[in-house]
Amino acid sequence: MARSTRRGRSKKKNHGSFIIGGLMVAVIVLAGMLFLKPSARSNEPKPFNIAQYRQDGSRFASTGNRYVLEGKVESIETDGNNRLVAVSVRGNSNELLPLLVKGDTPLQINITRGDTLIFDVSCRTGRDAEGNEVKGILIVNDVSIR
Amino acid sequence: MKTFRYIPLIPLMICAATAQMPNSFDASGRSAQAQNGVQNDDPLRAGESPPPQIFGMELPLLDPSNDTVSYGGGHFDLGNNAAVRERFEKYLSQTPDDSEQSRLYRRNMQEILDYTERYVRGANLIGSRVLVKIGRGLYNLADYPGDGSQAGVLASAMVSALDVQRANRRRDQANEELDKELDELVDKTNSLTNQNTQRGSGRRNTAGGAGGSGNSGYSSHTFRIASNTAEIARLRAQQGTNVAANQAALPLAKLNYQSVVLGFLLQRRYDHAVIGARVYRHLFRDGDTRLDLDENSDAYKTFTGITGMPPTINTIDSFASNARREVDQSIDAVHGALAQNKLGEATNRLITAVATGEYMQSVATFPAEQRRRIAAYWQLRKRALSALNARDYATVESIAAQMREMDVDFDDSLLMSYTTGRKRQSNFALRAARQAFQAGNQEEFRRLATEAAMIWPQNPALDEGEAEIARVDSFAPQMEEFRRLLERREFRTIYTERERFRVVCADHELEKKYTEVLELVAGTDVLLARLKQGVEQDRTMGPCAAWEQITLLLKEDDRYSTDSVFMEEYNKVSSLAHDFVEALRYAKECEERGEYGSALSSYYRAKCFFNGSNLAAEGIERVTKVIVNAQY
């Protein structure tokens with residue numbers, strides 16, 4: 001009896017462990033799906049990590065994601081119709097993010113130095129006059145005031 | 001006989017040899033070169049180039065090897081000049097013979113001269129008695145050693161001439177006696193001939209008379225006549241023989257006597273020559289005083305060249321008498337010049353007197369004290385000549401100063417200008433050699449130094465130069481090590497041991513490199529000190545600024561990369577400015593990969609670490625331009 005009782009208790013314990021393990025796996029799989037399947041919400045802006053961008057900007061371009069970030073305009077360089085805006089993003093000390101504002105992009109507001117704005121950007125790869133790739137360039141789609 | 005031609009030229013030769021000093025030295029130093037065994041490439045050896053000129057003046061050249069002086073386009077062969085000098089020096093070293101025997105000799109010689117002069121002036125011929133007296137006097141003179149038995153030779157020549165004359169007279173007397181004999185024989189023969197003729201005519205008148213006896217008388221006269229005729233022929237032949245003997249003996253005797261007298265002239269024994277010439281017309285009374293010389297001989301040409309007339313015994317008299325007068329005048333001039341401290345002129349005059357009339361009484365009795373003065377001056381002159389040939393110009397100038405003190409007339413202007421010019425030439429060559437040495441041009445240095453030494457071997461600057469060269473040669477190990485360190489670019493080692501390597505400055509090229517190295521390392525040290533100070537003042541940006549400056553210097557001049565101290569500091573600041581350095585490095589890497597977004601972001605990051613970074617600013621500008629102008 002005693003042996004069957006112990007076996008019975010043991011079976012109950014095993015079933016409980018399986019259930020807990022299965023739940024944990026399910027949670028992990030769901031979490032992974034949430035991270036690894038952004039396409040489900042690809043049209044929505046993402047928070048931006050400058051350090052990651054600096055390390056591998058072209059990867060950002062290949063994903064084709066759009067990002068929304070808030071930054072302060074530190075400098076503006078103009079060449080022709082296009083402008084290059086350097087912004088500092090909160091939480092990224094000693095980092096500046098270069099953003100290209102193309103001349104044909106319709107913007108709601110003016111960008112001036114010292115403004116803190118919300119930039120809607122996407123990462124692309126272009127080509128220079130010789131046909132060489134210009135990788136990982138963040139191009140401003142829209143700008144708004146916080 | 002050839003030497004005879006040069007007798008009138010002796011004064012000229014002496015003057016050419018013993019005029020002012022520059023007339024007697026080898027201006028080009030050829031003889032000195034020959035003596036020193038120095039290779040001589042002087043074109044004058046080939047006789048093709050003119051003598052050298054200094055300041056436009058042609059300098060006489062004396063080549064002691066053949067005693068030839070070249071001057072003014074002419075070449076003077078001094079011939080016996082060396083012998084003349086030697087005799088002159090011997091004469092100066094001799095003490096005048098003032099012994100009783102010498103005085104007696106001179107007195108007797110003078111008496112004979114006066115005696116002959118008196119008879120020369122007389123219209124009458126002197127007799128044998130006078131001639132014998134003169135001959136005896138000459139034999140007595142021959143006992144004096146200084147005469148060299150020359151008076152005896154003259155006396156013997158006179159005796160020989162007299163003997164010939166006596167023989168001639170004996171033959172003349174014999175001929176006179178033969179004439180008498182001949183006259184008598186002729187008379188007798190004529191008488192006998194007449195008798196025969198008379199007898200012959202009487203027989204024809206008395207035909208058949210004493211015809212037989214008449215024939216016998218005719219026969220006896222005929223034999224006597226024939227005998228006389230033969231005797232007459234023999235006597236006349238004897239006379240002819242005597243005449244021929246006289247005619248043959250006289251020219252021979254004249255020739256013998258003339259050669260003796262001429263020999264005295266050649267030996268410059270003018271007293272003997274004068275006596276011999278004056279006695280001549282008394283020995284040979286035919287009035288013919290012509291010298292029996294071959295017209296092609298040098299002696300004949302010399303005499304005719306001077307007088308333009310055929311040479312006679314009187315020419316010798318004139319020559320010798322004039323030479324005696326000249327010698328005496330020269331000696332008087334010597335005394336006068338010495339009295340005025342004109343040693344140069346006195347020396348020249350005495351040389352002339354000795355060369356032309358060594359055996360003259362005035363020369364032989366020239367005082368010893370005066371000889372010593374002239375000998376001292378002569379020695380100085382010889383030393384100057386030797387010094388010139390040795391190109392010892394300092395000694396020449398010193399001697400010239402002494403000669404100027406001794407001789408109020410001594411003109412050293414040409415000599416001094418010559419020595420000064422040569423000394424300057426040597427110094428100029430030496431200076432150029434020094435410059436070549438400093439420039440490291442060893443070949444040019446060697447050539448110029450040799451030239452300087454050739455021009456003035458005693459140049460004191462040569463010793464200094466030699467010492468300098470020796471000193472520099474002793475630096476060779478340091479120089480070699482310096483060059484090795486330069487090659488290995490161990491500038492810091494050179495700088496650390498700069499005092500030891502300072503000697504390389506003797507070489508102009510190495511000196512430049514030495515200075516460059518010192519300036520480089522010292523400048524580096526100053527820069528590093530300043531950068532260290534900046535790092536200490538700003539621990540954040542200071543290292544970034546230092547790193548950037550060091551990096552720029554390394555790009556500009558790769559010599560910094562060989563400096564251990566510099567590179568140590570570079571590594572140190574690289575560590576301190578790690579984030580800045582890494583940001584720049586990564587920016588550059590991204591830029592090269594075409595990751596312009598990341599590159600620009602990295603340049604921004606670098607600029608955040610060091611706002612004044614030129615490297616970051618340049619990168620931002622460069623990458624921004626690419627991004628802005630690209631097509632998306």
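Me: What covers the buried residues of α16(B)?
Reply: The cover includes α15 (413–438) and α17 (460–474) of chain B. The model is predicted; local features need pLDDT of at least 70, side-chain atom pairs count only at pLDDT 80 or more, and totals for chains, interfaces and linings use all residues. Residues are numbered from 1 along each chain as its sequence is written, while chains are lettered from A and ligands numbered from 1 in the order in which they are written.

Me: Which residues of α16(B) are called buried?
Reply: They are Phe445(B), Leu448(B), Ala449(B), Ala452(B), Ala453(B) and Ile455(B). Buried means that 20 or more other C-beta atoms, placed from the backbone, lie within 10 Å of the residue's own.

Me: What puts them on the same side of α16(B)?
Reply: Around the axis they cover an arc of only 165 degrees, and therefore they lie on the same side of α16(B). The arc is taken from the directions from the helix axis to the C-beta atoms.

Me: How do you know that the span of helix α16 of chain B agrees with expectation?
Reply: The expected span is 1.5 Å times one less than the number of residues. For the 14 residues 442–455 this gives 20 Å, and the end C-alpha atoms are 20 Å apart, so the two agree.

Me: How many residues of chain B are in contact with chain A?
Reply: 21 residues of chain B are in contact with 31 residues of chain A, contact being C-beta atoms, placed from the backbone, within 7 Å. On that side of chain B, α24(B) gives the most, with 10 residues.

Technical notes
Helices (H or I, at least four residues) and strands (E, at least two) are DSSP runs, numbered from the N terminus. A residue is buried if 20 or more other C-beta atoms lie within 10 Å of its own, exposed if 12 or fewer, and partly exposed in between; C-beta atoms are placed from the backbone. Two residues are in contact if their C-beta atoms, placed from the backbone, lie within 7 Å.
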